Amino acid sequence: MNAKDIGNFLCQLRKEKVLKQRELAEALHVSDKAISRWETGTGIPDVGSLQSLSEFFGVSINEILAGRRIKEDEVKMETDKNLTELVSRQAIMKRKLYIAVGAAVMGIVAFLGLAVISLMPISGSSAAFEINDMDRVMRYVRELEEAGTEYELSIDTSNQTITVSVTDPVIK
């Protein structure tokens, strides 16, 4: 099963019926770009299109996949060959899908890990608040305590500020 052979065979069948790609596309309810991809071997028809092509041209799906007309004594051999290749292609696509899904999951996990780490207070970091903004100080201290993070408070009366310094972040 070779995409180029399939494409050449489909092109030959279309020309035997004296059809343009656009006309065949309309008859099969697909785009003329799909016909072009099939005929150039850059793509192969999906299962539904194979059935439509088979009926339209009066050839078997097996012949389309073989890329040629098959003699009666070759049918079993070509069928086995085409089925083996289809199963092999399906296994390869399944493997690629698993790899893509695995990579996506790893990317999401890495992103979430970085997001969590970026939200953690860093040892030695500090936040300064004005003395008259005790609500913000209390919210910040509550978040640190809920996270199990050790901190120190210092009050600077000359600057009218309260500084909260992280001394030992704890990862839960």
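1. Fold elements. The protein has seven helices and three strands. Helices (H or I, at least four residues) and strands (E, at least two) are DSSP runs, numbered from the N terminus. Along the sequence the order is α-α-α-α-α-α-β-α-β-β.

2. Basis. This is a predicted model: local features need pLDDT of at least 70, side-chain atom pairs count only at pLDDT 80 or more, and totals for chains, interfaces and linings use all residues. Residues are numbered from 1 along each chain as its sequence is written, and side-chain values use heavy atoms, with hydrogens and water left out.

3. Overall dimensions. The radius of gyration of the protein is 34 Å, whereas a compact globule of 172 residues would have one near 16 Å. That radius is taken over C-alpha atoms, and the globule rule is 2.2 Å times the number of residues to the power 0.38. The C-alpha trace spans about 100 × 35 × 20 Å along its principal axes.

4. Helix α6. This helix covers residues 75-119 and contains K94. K94 and A115 are 21 residues apart in sequence; their C-alpha atoms are 31 Å apart in space. K94 counts as partly exposed, because its relative accessibility is 46%. The classes are buried (under 20% relative accessible area), exposed (over 50%) and partly exposed (in between), with a 1.4 Å probe and protein chains only.

5. Surface and burial. Of the 172 residues, 25% are buried. The accessible surface comes to about 11,800 Å², and carbon and sulfur atoms hold 59% of it. The areas come from the Shrake-Rupley method with a 1.4 Å probe; for residues, only the protein chains shown count as cover.

6. Main core. The largest nonpolar core has 17 residues. L10, W38, L53, F57 and I64 have the most contacts inside it. Two or more residues each come from α1 (3-16), α2 (21-28), α3 (32-40), α4 (47-57) and α5 (61-66). Helix α1 gives the most, with four residues. A nonpolar core here is a set of buried Ala, Val, Leu, Ile, Met, Phe, Trp, Tyr and Cys residues joined through side-chain atoms within 4.5 Å.

7. Second core. A separate core of eight residues includes A127, V141, V164 and V166. In soluble globular proteins, nonpolar side chains tend to be buried together.

8. Contacts. Beyond its neighbours within four places in sequence, F57 is in contact with L10, L13, R14, K17 and L24. Contact means heavy atoms within 4.5 Å. Among contacts in the protein with a separation of 6 or more, 52% join residues 24 or more positions apart.

9. Positive phi. Most residues other than glycine have a negative phi. V18 is not a glycine, yet its phi is positive, about 55°. V18 sits in the loop between α1 and α2. With a relative accessible area of 70%, V18 is exposed. H29 also has a positive phi, near 60°, and is found in the loop between α2 and α3. H29 is exposed too, at a relative accessible area of 73%.

10. Loop residue T42. T42 lies in the loop between α3 and α4. It counts as exposed because its relative accessibility is 60%. T42 and K71 are 29 residues apart in sequence and 27 Å apart in space, C-alpha to C-alpha.

11. Charges. The 21 positive and 25 negative charges have mean positions 12 Å apart. Lys and Arg count as positive and Asp and Glu as negative, while His and the chain ends are not counted. Each charge is placed at NZ of Lys, CZ of Arg, CG of Asp or CD of Glu.
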